[in-house]
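Here is a short report on one protein model. Look at the fold first, then at the helix packing and the pocket.

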Amino acid sequence: MVHRLVVNYGQPEDPGHFDDYYRDTHTPLAVEMPGVIRYTVGRPQSLDPSQPGPYMVAELDFESEQAMGEAFASNEGKSATADMANFASGGATTYHYEVHEVRAGVPEMP
């Protein structure tokens, strides 16, 4: 089972600074956290223009919730968390969950 952390970043004051800093400084910190098995980012587009999406979304996968907790308790995790203040001027919302795959005809729900 995979445990996923999702970070929704709000619209930054300076998108260029956010992009450069995230790519050059924050991503290298985040990928060094122990136990990260997958790290993806993307720029969502809302299907409903009256409800704009976040500026960017990052997803970090771990083998378990325990592995995620250990990653954030590590020096690398503490550094990555503290670093968010250096670029996330639009704020960030984080949440995590166990990933359950749903396939046609074989739903797997929590």
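Two strands pair if DSSP finds at least two bridges between them. Strands (E, at least two residues) and helices (H or I, at least four) are DSSP runs, numbered from the N terminus. This is a predicted model: local features need pLDDT of at least 70, side-chain atom pairs count only at pLDDT 80 or more, and totals for chains, interfaces and linings use all residues. Residues are numbered from 1 along each chain as its sequence is written, and side-chain values use heavy atoms, with hydrogens and water left out.

**The fold**

The protein has three helices and four strands. From the N terminus, the elements run β-α-β-β-α-α-β. Along the principal axes, the C-alpha atoms fill a box of roughly 45 × 40 × 15 Å.

The four strands form an open sheet in the order 2-3-1-4, with antiparallel pairing. Strand 2 (38-42) and strand 4 are at the edges with a single partner strand each, so one side of each has no neighbour in the sheet. From one strand to the next, the twist averages 15°. Strand 2 and strand 3 run antiparallel and are joined by five bridges. G42 has V57 in strand 3 as its bridge partner.

**Helix packing**

Helix 1 packs on the sheet and touches strand 1, strand 2 and strand 3. Contact means heavy atoms within 4.5 Å. Axes are lines fitted to C-alpha atoms, for helices over the stretch in contact, and angles run from 0 to 180 degrees between N-to-C directions.

| Pair | Angle |
|---|---|
| Helix 1 and strand 2 | about 170° |
| Helix 1 and helix 3 | roughly 155° |

The axes of helix 1 and helix 3 come within 8 Å. Their crossing makes the two helices roughly antiparallel (angles over 145 degrees count as such). Y21, T25, H26, L29 and A30 of helix 1 meet E76, S79, A80 and D83 of helix 3.

**The largest pocket**

A pocket is an open set of points on a 1 Å grid over the protein atoms alone, where a 1.4 Å probe fits, with protein on both sides within 12 Å along at least five of seven lines; lining residues have an atom within 4 Å of a point. Which residues lie nearest the centre of the largest pocket? They are L5, V7, F72, M84 and T94, out of 17 lining residues. Elements giving two or more residues to this lining include strand 1 (3-9), helix 1 (15-31) and strand 4 (92-98).

Technical notes: Angles under 35 degrees count as roughly parallel, over 145 as roughly antiparallel, 65 to 115 as roughly perpendicular and the rest as oblique.
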